[in-house]
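The following exercises concern one residue and then one whole chain. Please work through each task before reading its solution.

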Amino acid sequence: MRLGYIAEILDAQVICGGEFLELEVTAGCGSDLMSDVMAYVTENVILLTGLINLQVIRTAEMMDIKAIIFVRGKLPIDSMIELAREKNIVLMSTKLSMFIACGRLYNAGLQGKS
Amino acid sequence: MGTIRLKYDIPANDFITAGEASSNVKNKLTQIGLSSDIIKKAAIAMYEAEINAVIHGNGGYAYVEISDYKVVINIVDFGPGIPDLDLAMQEGYSTAPDNIREMGFGAGMGLPNMKKYADKLEVFTKVGKGTKIIITVNF
């Protein structure tokens, strides 16, 4: 699924990395616990989270996660945006809750591995 | 290629710089041209160990050796040590305080994740002295 399409489905605001919206992903991971995220390794994955701190970007960097979507209208702080730009990670924010955001993407066909 | 030796300080309780050493090692491994799977294994295992040293270990240092066949990552801290290593190796067991959980860590997956991604994991720990983690990832 194209990142640009994901932004549409979630009615998300793209905060940085708008030049990468043509990238395709095949799986999603929704969690506020970064160690749980790191237990789930797959290629071409997006992260949905309600957590706001620099280690969210670091976790994505270590795992080659291409895009992070902040749920419940949360917005990343400047240092996160700066690091995400440096690492070519797309950041988006949606007003939807974690449950609804994951549900919409799953319904639209982003199912990944179980 | 000769052996590359890298050393980093890991400052205590500093969540801004936490992960910089792992990021730097990931960049080095990428420059060498290893496969993304191997790089990810080493990066995640080291990052978990680095975060642990920040959270639990009062900081310490990382010493990394990259040779033709493997990367060996030593994370040494001078923290309280791990009283029951078997318990700490169990998924979900954590002694992290609430402020760490609010940061998205302390899920009790640190050591289990290191074990999962390292080809070899060695843990040397002594209560009151500190902990040394040695992560080996083969190329």
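**Exercise 1: the setting of A:T94**

A:T94 is found in the loop between β5 (90-93) and α5 (98-107) of chain A; helices (H or I, at least four residues) and strands (E, at least two) are DSSP runs, numbered from the N terminus. The model is predicted: local features need pLDDT of at least 70, side-chain atom pairs count only at pLDDT 80 or more, and totals for chains, interfaces and linings use all residues. Residues are numbered from 1 along each chain as its sequence is written, chains are lettered from A and ligands numbered from 1 in the order in which they are written, and side-chain values use heavy atoms, with hydrogens and water left out.

Task. Determine whether A:T94 is buried or exposed, and which residues A:T94 touches.

Solution.
1. Buried means under 20% relative accessible area, exposed over 50%, partly exposed in between (1.4 Å probe, protein chains only).
2. A:T94 is buried because its relative accessibility is 1%.
3. Leaving aside residues up to four places away in sequence, A:T94 touches A:L10, A:A12, A:I69, A:F70, A:V71, A:R72 and A:G73 (contact: heavy atoms within 4.5 Å).

**Exercise 2: the build of chain B**

Task. State how many helices and strands chain B has, and in what order the elements run.

Solution.
1. Chain B has 5 helices and 5 strands.
2. From the N terminus on, their order is β-α-α-β-β-α-α-α-β-β.
3. Of the 139 residues in chain B, 50% are buried.
4. Along the principal axes, the C-alpha atoms of chain B fill a box of roughly 45 × 30 × 25 Å.
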